[in-house]
Amino acid sequence: MEIKALLLTLVVSLFFLIGILIPKLISNKRKLVSFTTGLTFIIMLCLILLDLIPETIEVLEPFTNLKNGLFFLIFTLLGYFSLKIVDRFVPEHTHEHHEENDNIKEHEEHAYHIGLITAISLMVHNVLEGISIYIAGTTDFHLGFLMSFMVGCHNLPLGVEVAASMEQNKSISKYITLFFLVVSSFLGAFVLFLLNQSLDALLEGILLSLTIGMLLYISLQELFPEIRKNIRNRELKIGIGIGLLLSLVLCLF
């Protein structure tokens, strides 16, 4: 049963791989990035509000008191500001553009920047998702399969966003990042499989809080400024609309 549960995490990896390959089939990268920016912003907010926060509260329920409430706040802020620090080590970018050639170059650098820090935070998130799927699969394989499929559904547009944002960059670090992003869910479950034990609830709550902080940083500091600046863009509006519909469908399951 443990091996079958471990293999379920490969379903999530498959969805991410499909999402990463989609940009290679579309010629207009700018429109794709604009579309996926709107889509990912909505999906990410849905993920934070309707998935991660309730899951964190549930995990920390046995420890419900003021001290653990402070833990949640502290580690959420730590996740937020740790990504702000990581922000300084990725390519320089700006939300302001000037000359036409500079505009293109800065847009590509900013897009790569968003893709890279999104990938870093999603790796943490995916490790936790892989652990959750593995634990569910060892208890009830059918439940684990449904979880892996639904997780894959909301990871698909995130994979598209990351790959489309990083499309113009050809560095080896990009491919290493995408590789670990694809296999991160499997790696989380695999570590647990090797240790042959479950994850401590308090530690899981702390890691979930860190993930919430990271995704909040991306949503508020990276994606939202792009949306506000390009709100009249047709592809962006379509992405937001589809994101809302997709979030609604995912909430029904």
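Helix axes are lines fitted to C-alpha atoms over the stretch in contact, and angles run from 0 to 180 degrees between N-to-C directions. The model is predicted, so local features need pLDDT of at least 70 and side-chain atom pairs count only at pLDDT 80 or more, while totals for chains, interfaces and linings use all residues. Residues are numbered from 1 along each chain as its sequence is written, and side-chain values use heavy atoms, with hydrogens and water left out.

**View A. Helices α1 and α6 pack at an angle of about 170°.** Helices are DSSP runs (H or I, at least four residues), numbered from the N terminus. Helix α1 covers residues 2-21 and helix α6 residues 172-195, and their axes lie 9 Å apart. The angle makes α1 roughly antiparallel to α6 (over 145 degrees; under 35 is roughly parallel, 65 to 115 roughly perpendicular and the rest oblique). Residues of α1 including L6, L10, S13 and F16 meet residues of α6, among them L178, V182, F186 and F190.

**View B. L158 is a buried residue of helix α5.** Helix α5 spans residues 141-165. The relative accessibility of L158 is 1% (buried is under 20% relative accessible area, exposed over 50%, partly exposed in between, with a 1.4 Å probe and protein chains only). Apart from neighbours within four places in sequence, L158 is in contact (heavy atoms within 4.5 Å) with F16, T40, I43, M44 and L122. G115 is 43 residues away from L158 along the chain, and their C-alpha atoms are separated by 9.5 Å.

View C. With neighbours within four places in sequence set aside, the contacts of T56 are F72, G205, L208, S209 and I212.

**View D. Helix α7 bends by about 40° at L223.** The bend is the angle between axes fitted to the seven residues ending at a residue and the seven starting there. From first C-alpha to last, the 29 residues of α7 reach 41 Å, close to the 42 Å expected at 1.5 Å a residue (1.5 Å times one less than the number of residues).

**View E. E226 and K229 form a salt bridge.** The closest N and O atoms are 3.4 Å apart (the rule asks for a side-chain nitrogen of Lys or Arg within 4 Å of a carboxyl oxygen of Asp or Glu). This rule gives a count of 1 salt bridge. Both residues belong to α7 (residues 201-229) and sit 3 residues apart, about one turn of the helix. E226 is buried at 9% relative accessibility, whereas K229 is partly exposed at 36%.

Technical notes
Helix = DSSP H or I, 4+ residues; strand = E, 2+ residues; numbered from the N terminus.
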